[in-house]
Amino acid sequence: MLQPYMPVITLIGELTILVILSILVLGCILLILTLYAIRSGNILFPKFMRAGLLFLEGMMRSMFRLFGFEDSDFFRIIVTLQNTLNRKAFMSIPVTERVVFMPHCLRSNACPAHLHDEGLKCRECGLCKVGEGKRLLELLGYRVFIIPGSSFIKRMIKRYRPRAIIGIGCLLEVKEGIEMSGQYNIIAMGVVNTSDGCVETSADWDQVFRTAILGIAPDKIPEELKKYIE
């Protein structure tokens, strides 16, 4: 009964094996490139790596674990790739069309700020570094939001329609935020916190400011931030 279909079945089997082998080879190439990026700090073929890592995310995470790496190592590479690829486009967008989203967990436990429809309204009380960071970012011309969740981000995007975003947060939040920004056709740069948790986390403020001044003319940068000019 199957005899007339045997050539087709054989062809399908051969193609399936070819696809599986191609995926495995692609995975090995991506793993080598990723390990090189982790150890050297240099990213080769970023567009190829981003497409491949996102397409084969499940398999690549498993391969990472096989070699003793954590999911966090994988996510960090994804964020670095996205930042590398978005950098040039981000620099071309005027600062008046950029916004910064920072998580409310950066604030002090004794924070006196109250939640409004656009997030927390910082009082710059000095109990944490959020107030100073917000002040400097606003000096550059940014609109800054201190938000408790992604629903606020979506609301502010719809309200102000920014073309570029700097997202500050824990590793997974930054990764998901960059991916969400792509759905809105917004250029996003992510800055991962130096400590995680739900309360009194720490931002990498040096990296925040280095990212924030990208594409801004040196004479428009406040003296307090000129040290971050590369």
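Student: How many residues does helix 7 have, and how far does it reach?
Tutor: Helix 7 has 13 residues and spans 19 Å from its first C-alpha to its last, close to the 18 Å expected at 1.5 Å a residue. Keep in mind that this is a predicted model.

Student: Ok, and which residues of helix 7 are buried?
Tutor: Leu171, Val174, Lys175, Ile178, Met180 and Ser181.

Student: New topic: pockets. How much space lies in the largest pocket?
Tutor: About 500 Å³. Its lining is made of 30 residues, and those nearest the centre are Ile147, Ile153, Ile168, Glu173 and Val174. You've met Val174 already, as a buried residue of helix 7.

Student: Which element gives the largest share of that pocket's lining?
Tutor: Helix 7, with 7 residues in the lining of the largest pocket. Other elements that supply at least two residues each include strand 1 (98-103) and helix 6 (150-160).

Student: How do the lining residues of the largest pocket divide by type?
Tutor: You get 17 nonpolar, 11 polar and 2 charged.

Student: What about the second largest pocket, how much space is in there?
Tutor: About 400 Å³. It is lined by 17 residues, with Thr80, Asn83, Gly190, Gln207 and Thr211 closest to its centre. By type, the lining of this second largest pocket has 5 nonpolar, 7 polar and 5 charged residues.

Student: Which helix gives the largest share of the second largest pocket's lining?
Tutor: Helix 4, with 6 residues. Strand 6 and helix 8 each supply at least two residues as well.

Student: Last one: where is Glu200 found?
Tutor: Glu200 sits in the loop between strand 6 (187-192) and helix 8 (205-212).

Student: What is Glu200 in contact with, leaving aside its neighbours within four places in sequence?
Tutor: Cys105, Arg107, Ser108 and Asn109. With Asn109, a polar atom of the Glu200 side chain lies 2.9 Å from the backbone nitrogen of Asn109.

Notes. Residues are numbered from 1 along each chain as its sequence is written. This is a predicted model: local features need pLDDT of at least 70, side-chain atom pairs count only at pLDDT 80 or more; totals for chains, interfaces and linings use all residues. Side-chain values use heavy atoms; hydrogens and water are left out. Helices (H or I, at least four residues) and strands (E, at least two) are DSSP runs, numbered from the N terminus. Contact means heavy atoms within 4.5 Å. A polar contact is a pair of N or O atoms within 3.5 Å; within protein, one must be able to donate a hydrogen and the other to accept it, and residues adjacent in sequence count only if both atoms are side-chain atoms. On a 1 Å grid over the protein atoms alone, a cavity is a set of points where a 1.4 Å probe fits but cannot get out, and a pocket is an open set with protein on both sides within 12 Å along at least five of seven lines; lining residues have an atom within 4 Å of a point. Grid points are joined across faces, edges and corners, and a volume is the space filled by probe spheres set on the points. Ala, Val, Leu, Ile, Met, Phe, Trp, Tyr, Cys and Pro count as nonpolar, Asp, Glu, Lys and Arg as charged, and the others, Gly among them, as polar. The expected span of a helix is 1.5 Å times one less than its number of residues. Buried means under 20% relative accessible area, exposed over 50%, partly exposed in between (1.4 Å probe, protein chains only).
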